[in-house]
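This briefing goes through one structure by topic. The sequence and the structure come first, and the notes follow.

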Amino acid sequence: MQLLKNGKTKDVYKLDNGNYLLKFKDSVTGGPGGVVDPGGNLVVGEQDGMGLACLSMTTFIFEEVARRGLSATHLVAAKMDDATMEVRAARPFGQGLEIVVRFIATGSFIRRYGLYAKDGQRLSAPLVEITLKDDERGDPLINDEALIELGLASRDEIDQLKAKAGKIASMIEEIGRAKGLEIYDMKMEFGRADNGELLLIDEISPGSMRAYSGSGRVEGPALAKAFVG
Ligand SMILES: Nc1ncnc2c1ncn2[C@@H]1O[C@H](COP(=O)(O)OP(=O)(O)OP(=O)(O)O)[C@@H](O)[C@H]1O
Ligand SMILES: [Mg+2]
């Protein structure tokens, strides 16, 4: 097994059959100064059970996405005893895009549009945004014209990315709501399979979303448990 990437939350290995093996780790991500923030770009600590929680939530959601026919996914098989997931290898868009779907305005949306929106304001429909995975430049927002101009994705791929992400996020919002959770926003990644088909890849786990219950923010293993049971 060849180690391809020692990531913040997962290690990525290449298997002999061409698939990848993702090893989910117990790392907790955050921002500068060690502030815990599931969306952060730094590892700020470890929490027992985090890797398994992320794997079990991702597996639950990816199986549900496939069952409902919302998108093909990279999931081949998950092994809870060693916190690994075998996945189909996908080609990223450039060095990777993040598709963000928002139900309630907060975070970077308010930092950008605070002149016109209030933190916590409900958006009239799921709002899809695309950002570049570029830690150095703070994961900037990118529009369709720039994606096409820079050769990162075609018009048809952008339309598919937005449509699939909107449906997947709405499914998760609905499942969360049934469990008493309010999902504010979430992010997900897609890649291309060998035949060009779009695959939902990476993970959709507590670190991918902001969720609240009546008593405040729900995070980490507690959020995974609310989804998976
Ligand atoms: N099916 C797949 N095919 C190819 N790459 C994948 C697939 N699934 C996940 N990845 C990539 O594997 C890496 C997983 O590691 P991890 O998420 O820990 O990285 P990271 O340190 O957070 O860095 P990144 O900012 O790239 O996410 C990510 O770069 C992710 O985009
Ligand atoms: Mg990552």
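Leaving aside neighbours within four places in sequence, F103 is in contact with Q121, R122, L123, P126, A169, S170, E173, I183, Y184 and M186. F103 belongs to strand β9 and is buried, at a relative accessible area of 7%. The model is a predicted one.

- K5 places a polar side-chain atom 3.0 Å from an oxygen atom of ligand 1.
- For K133, an N or O atom of the side chain is 2.8 Å from an oxygen atom of the ligand.
- D202 takes part through its backbone, where an N or O atom lies 3.2 Å from a nitrogen atom of ligand 1.
- On its own, ligand 1 has 590 Å² of accessible area, and the protein covers 84% of that.

- H74 sits in the loop that runs between β6 (72-73) and β7 (75-79).
- With a relative accessible area of 3%, H74 is buried, because the cut-off for that class is under 20%.
- The side chain of H74 reaches the backbone oxygen of D202 at a distance of 3.1 Å.
- Not counting residues up to four places away in sequence, H74 touches L22, F62, M85, E86, V87, R88, L199, L200, I201 and D202.
- D202 itself is in the loop between β12 and β13.
- The phi angle of D202 is near 60 degrees, which is a positive value in a residue other than glycine.

**Nonpolar cores**

- In soluble globular proteins, nonpolar side chains tend to be buried together.
- The largest nonpolar core here has 41 residues, of which I168, I172, M188, F190, I204, M209 and F227 touch the most other members.
- Two or more residues of this core come from each of α1 (50-67), β9 (97-104), β10 (122-132), α4 (155-178), β11 (182-192), β12 (198-201), β13 (209-213) and α5 (220-228).
- The element that gives the most to this core is α4, with eight residues.
- I204 is in contact with M57, T58, I61, F62, I168, I172, M188 and M209, leaving aside neighbours within four places in sequence.
- Another core lies apart from the largest one; it has 10 residues, among them L22, F24, C54 and M85.

**Residues in strands**

- T131 is part of strand β10, and its relative accessible area of 11% makes it buried.
- Apart from neighbours within four places in sequence, T131 contacts G96, L97, E98, V100, D139, P140, L141 and I142.
- T29 is in strand β4, which spans residues 27-30, and is buried with a relative accessible area of 10%.
- The C-alpha atoms of T29 and V43 are separated by 4.3 Å, while the two residues are 14 residues apart along the chain.
- From F103 to R137 the chain separation is 34 residues, and their C-alpha atoms are 25 Å apart.

- A83 lies in the loop between β7 and β8 (84-87).
- Although A83 is not a glycine, its phi is positive, at about 55 degrees.
- A83 counts as buried, at 10% relative accessibility.
- G229 is in the segment after α5.
- The relative accessible area of G229 is 73%, so this residue is exposed, the cut-off being over 50%.
- The C-alpha atom of G229 is separated by 9.6 Å from that of M57, a residue 172 residues away along the chain.

Technical notes. Residues numbered from 1 in each chain as written. Chains lettered and ligands numbered in written order. Predicted model: local features only at pLDDT ≥ 70, side-chain atom pairs only at ≥ 80, totals over all residues. Heavy atoms only, no water. Polar contact = N/O pair within 3.5 Å; in protein donor to acceptor, adjacent residues only side chain to side chain. Areas by Shrake-Rupley, 256 points an atom, 1.4 Å probe, with all protein chains shown as cover. Core = buried A, V, L, I, M, F, W, Y, C linked by side-chain atoms within 4.5 Å. Buried < 20%, exposed > 50% of the residue type's maximum accessible area, 1.4 Å probe, protein only. Helix = DSSP H or I, 4+ residues; strand = E, 2+ residues; numbered from the N terminus. Contact = heavy atoms within 4.5 Å.
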